[in-house]
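Here are my notes on the model. Please keep the sequence and the 3D view open as you read.

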Amino acid sequence: MMVMLAFSAGLIFFACGFLNKLPKNITVNGTDVGGKTRAEAIRILRGNIEKELKKKSITVLGQQEKYVFSYPEIGYKDNLQNLLKTVQKDGVYTAKISYYLNGLNEIASMICCGESAPVIEPYAVFNTEGEPFTYFEGSDGKTADAAKLIRDLRASLDGNFNDVFVDVKTVKRTLSMNAVRYNTRLLSTFTTRYDGSNAPRAHNIRLASEKINGTVLDYGEAFSFNDTVGQRTIERGFRQAKIIERGEFVDGVGGGVCQVSTTLFNAALLSGCDMTEFHQHSLAVSYVPPSFDAMVSGTYFDLKFENHTGYTLYIRAITGGDYVTFNIYGRGDGASYGYQSVVKNSIPAPEEITDDESLVKEGRDGTVSEGYLTVTRNGVSVTKLFRRDKYAPIKRVVLQTAEEEETEATDEA
């Protein structure tokens, strides 16, 4: 019984092996696989396919680089399994073979990224010295069509592995250099003068101006003088010079800084900025008309303004031997600005008589003034009251004359 079972199993195995073989005269894609088992035929045929594939490559030609791909980056698919299952008689057969590039989408994206370039619009670099701006023309951009590259690669792989060209299109700049220059034009300039021989005061003016020089104020951004310049202390490089305190000119650290804030105040006002905080001096100053000064002190009296012009503003400070200038550049809001100082009244200075010549002091009348701002837009000018101020007088001390002394003696008699 066991012998019969073994004989039957061997017969079945022999029959399966015999039946799994291909007919003797079978050619697939030009290769004779007659009499081979289907597994052997597939191994031989695929070996031939891979041998031929190793001789092939596909080249992508870009404007920047050449990209070459070959086996095993190039793979293939075939229908040999299904084809050989159906082969029952002698004949010449053709298997379908299709080729593909592994990671095609990622490769196309990588190539297009390398062949593309962003548009660089014309632009200006703001300088703190020399010419206010350095201008650059920029460059057009390039964009490569990834979807078309994928289609062309597939078509080449389905054909004769012809070279594929990357389709690159130019992307033009949208901004002109004239527009860049217009966006950085001079909007306002204001200059005040000082005694250049007063070294400590001149030093403080230069130091404070340097800390503001190069400030860029974006649209909607606020400027604070105290935040930008910082505390006026000996440790931070400021020196002792005359300041106004309690209606008197006295020595104090940072004397002269108020001339910087005043000069900037006027330049900012004339550029179209919104002045949100400013303070008058207790005494009138000589370097600007009444109602157009801007005192700063400590951390509690500040100069603040906001850029509501619609565009970026660029602040440039220039100091010379006896002057400080602020230039403000930008596109502006389309209006031009002017101002007028009107003295409404004077406040007589009190007078004191002394017989001590060393106490003689010139003094000065006080002032009541108004500041007006004129805005001209589209040829129409509107003038409005901007501020009212009152500056205290400075007491005069005069030397007693001989006649006054005689009168005094007579009165005593």
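1. Val296 counts as buried, because its relative accessibility is 6% and the cut-off for buried is under 20%. Remember that this is a predicted model. Val296 sits in the loop between β18 (274-277) and β19 (304-306). Now find Lys89. Val296 and Lys89 are 207 residues apart in sequence. Their C-alpha atoms are 106 Å apart in space.

2. **The largest nonpolar core.** This core has 41 residues. Which of them touch the most other members? They are Ile212, Phe225, Leu264, Met275, Leu303, Phe305 and Phe326. Several elements each supply at least two residues to this core: α7 (199-212), α8 (225-229), α9 (257-271), β20 (313-319) and β21 (323-330). Helix α9 gives the most, with nine residues. As background, nonpolar side chains tend to be buried together in soluble globular proteins.

3. Ile120, Tyr123, Val125 and Phe136 make a nonpolar surface patch of about 320 Å². Take Val125 from this group. Val125 belongs to strand β8 (residues 123-126). Is Val125 buried, partly exposed or exposed? Val125 is partly exposed, because its relative accessible area is 35%.

4. **A three-stranded open sheet.** The strand order is β2-β1-β6, and the pairing is mixed. Why is one side of β2 and of β6 left without a neighbour in the sheet? Strands β2 (31-32) and β6 (91-93) stand at the edges with a single partner strand each, so one side of each has no neighbour there. Look next at the pairing of β1 (residues 26-28) with β2. These two strands run antiparallel, and two bridges join them. Thr27 has Asp32 in β2 as its bridge partner.

5. **Cysteines.** A disulfide is a covalent bond between the sulfur atoms of two cysteines. How many disulfides does a search of the whole structure find? The search finds zero. Cys113 is in no disulfide, and its nearest cysteine sulfur, that of Cys112, is 8.9 Å away. The cut-off is 2.5 Å. Cys273 is in no disulfide either; the nearest cysteine sulfur belongs to Cys258, 20 Å away. Are Cys113 and Cys273 buried or exposed? Cys113 counts as exposed, because its relative accessibility is 58%. Cys273 is buried, because its relative accessible area is 6%.

6. Side chains of opposite charge can pair when their charged atoms come close. The count here comes to 13 salt bridges. One of them joins Lys172 to Asp140, with the closest N and O atoms 3.5 Å apart. Lys172 lies in the loop between β12 (168-171) and α6 (177-183). Asp140 lies in the loop between β9 (133-136) and β10 (141-144). The pair therefore ties together parts that are 32 residues apart in sequence. Lys172 is exposed, at 57% relative accessible area. Asp140 is partly exposed, at 25%. A network of salt bridges links Asp140, Lys172 and Arg173.

7. **A salt bridge across 129 residues.** Asp322 and Arg193 meet through their side chains in a salt bridge of 3.1 Å, N to O. Where do the two residues lie? Asp322 is in the loop between β20 and β21, and Arg193 is in strand β13 (residues 185-193). The pair links distant parts of the chain, 129 residues apart. Asp322 is partly exposed, with a relative accessible area of 32%. Arg193 is exposed, because its value of 54% is over the 50% cut-off.

8. **A salt bridge across 43 residues.** The side chains of Glu352 and Lys395 form a salt bridge, 2.9 Å from N to O. Glu352 is in strand β23 (residues 351-354). Lys395 is in the loop between β25 (380-391) and β26 (396-399). The two residues are 43 apart in the chain. Glu352 counts as partly exposed, at 34% relative accessibility. Lys395 is partly exposed too, with a relative accessible area of 34%.

Definitions and conventions. Residues numbered from 1 in each chain as written. Predicted model: local features only at pLDDT ≥ 70, side-chain atom pairs only at ≥ 80, totals over all residues. Heavy atoms only, no water. Patch = residues over 30% accessible without salt bridge, like charges linked within 9 Å, V, L, I, M, F, W, Y side chains within 5 Å. Areas by Shrake-Rupley, 256 points an atom, 1.4 Å probe, with all protein chains shown as cover. Salt bridge = Lys/Arg side-chain N within 4 Å of Asp/Glu carboxyl O. Helix = DSSP H or I, 4+ residues; strand = E, 2+ residues; numbered from the N terminus. Buried < 20%, exposed > 50% of the residue type's maximum accessible area, 1.4 Å probe, protein only. Pairing = 2+ DSSP bridges. Core = buried A, V, L, I, M, F, W, Y, C linked by side-chain atoms within 4.5 Å.
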